[in-house]
Amino acid sequence: MNAHKIVVIGSINMDLVTSSPRFPKPGETLLGTGFHQYMGGKGANQAVAAARLGAEVSLIGAVGSDHFGQALLDNLRKEHVNTDAVRIIQDRPSGMANITVAEGDNHIIVVSGANFSLTPTDIHNEEQRIANADVVMAQLETPLDTVIAGAELAKKYSKPFILNPAPAQKLPQELINLTSILTPNAYELAISLGLSENLSPEEMLRQSPCQVVMTLGSKGALFNDETGAQYSQPSFTVTPVDTTGAGDTFNGALAVFLKQGLHEAVKKACAAAAISVTRPGAQGGMPLYKELEAFLTKQ
């Protein structure tokens with residue numbers, strides 16, 4: 001497969017994951033069943049997902065000058081992600097996520113740290129990198145004006161800009177206008193566009209001013225094309241072990257296969273996400289290209 005050049009603008013976190021038989025009630029102390037430390041952050045996750053599927057990936061981000069920061073950089077390089085555009089911030093800790101895994105689901109609290117030191121200037125310093133890309137991706141774990149700067153440069157060079165609007169927040173119209181494909185779940189789409197959460201996914205898509213690929217978890221994905229016509233991609237049946245990072249795997253795969261057309265890209269993104277939930281860890285479950293191909297051959 002020819003290497004697809006992808007630039008990811010986004011967060012780099014250390015994930016501290018606690019396993020429990022159930023989620024604790026407010027004020028309750030539970031004995032957990034396990035603890036693990038994983039490399040994470042939506043930006044880093046999506047970069048690794050794309051790199052494992054064969055893309056040539058560069059990450060624009062920031063880490064602290066702490067032990068976590070060095071470990072995160074070492075891991076990205078091991079995963080063949082170009083880190084030349086990752087800044088090391090001296091006076092801030094690296095980002096971290098506290099994740100509780102229970103009942104086949106997860107609860108996540110993110111502390112931004114160095115991720116919020118990423119500025120529009122950092123993006124403009126990497127203008128040539130974006131100009132040379134095939135796809136530009138971003139999420140919302142870095143400052144909004146930094147994301148907008150990336151979207152503007154993608155527009156300037158006519159590059160598809162994929163925005164994963166998570167954590168959810170109301171999006172300015174300026175950013176919506178610059179976005180080629182929005183990749184929310186139903187909750188994130190409602191918050192992003194100021195829509196009622198009581199609307200059906202289909203109605204949300206009808207009211208969306210830009211093209212949307214909505215992830216529906218175990219139900220697959222719903223998306224529209226440039227004409228507004230809607231399509232559904234069923235999920236692939238697997239037994240989930242850890243859903244952390246499934247959305248990031250989906251986004252990374254979508255960017256890698258976008259050149260094959262949206263229908264094929266969404267199908268392969270759903271398959272990659274399905275594989276990812278069968279293994280622990282946000283990045284640990286992400287498939288290689290040959291694993292994805294083998295999985296699809298068996299369907």
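The model is predicted. The sheet is open and antiparallel, with the strand order β12-β13-β14. The largest pocket holds about 1400 Å³ of space, and 48 residues line it.

**Sheet**

- Three strands make up this open sheet, in the order β12-β13-β14, and their pairing is antiparallel.
- The edges are taken by β12 (213-215) and β14 (230-233); each has a single partner strand, so one side of each is left without a neighbour in the sheet.
- On average, neighbouring strands of the sheet are turned by 20° against each other, direction ignored.
- Strand β13 (residues 221-224) runs antiparallel to β14 and is joined to β14 by four bridges.
- Across this pairing, Ala221 stands opposite Gln233 in β14.

**Largest pocket: size and centre**

- The space in the largest pocket comes to about 1400 Å³.
- Among the 48 lining residues, Asn106, Asn185, Thr243, Ala246 and Gly247 are the closest to the centre of the pocket.

**Largest pocket: lining**

- Helices and strands that each supply at least two residues of the lining are β2 (13-19), α1 (42-52), β7 (95-102), β8 (105-111), α7 (186-193), α9 (246-257) and α10 (262-276).
- Helix α9 gives the largest share of the lining, with five residues.
- By residue class, the lining divides into 22 nonpolar, 20 polar and six charged residues.

Conventions. Residues are numbered from 1 along each chain as its sequence is written. This is a predicted model: local features need pLDDT of at least 70, side-chain atom pairs count only at pLDDT 80 or more; totals for chains, interfaces and linings use all residues. Side-chain values use heavy atoms; hydrogens and water are left out. Two strands pair if DSSP finds at least two bridges between them. Axes are lines fitted to C-alpha atoms, for helices over the stretch in contact, and angles run from 0 to 180 degrees between N-to-C directions. On a 1 Å grid over the protein atoms alone, a cavity is a set of points where a 1.4 Å probe fits but cannot get out, and a pocket is an open set with protein on both sides within 12 Å along at least five of seven lines; lining residues have an atom within 4 Å of a point. Grid points are joined across faces, edges and corners, and a volume is the space filled by probe spheres set on the points. Ala, Val, Leu, Ile, Met, Phe, Trp, Tyr, Cys and Pro count as nonpolar, Asp, Glu, Lys and Arg as charged, and the others, Gly among them, as polar.
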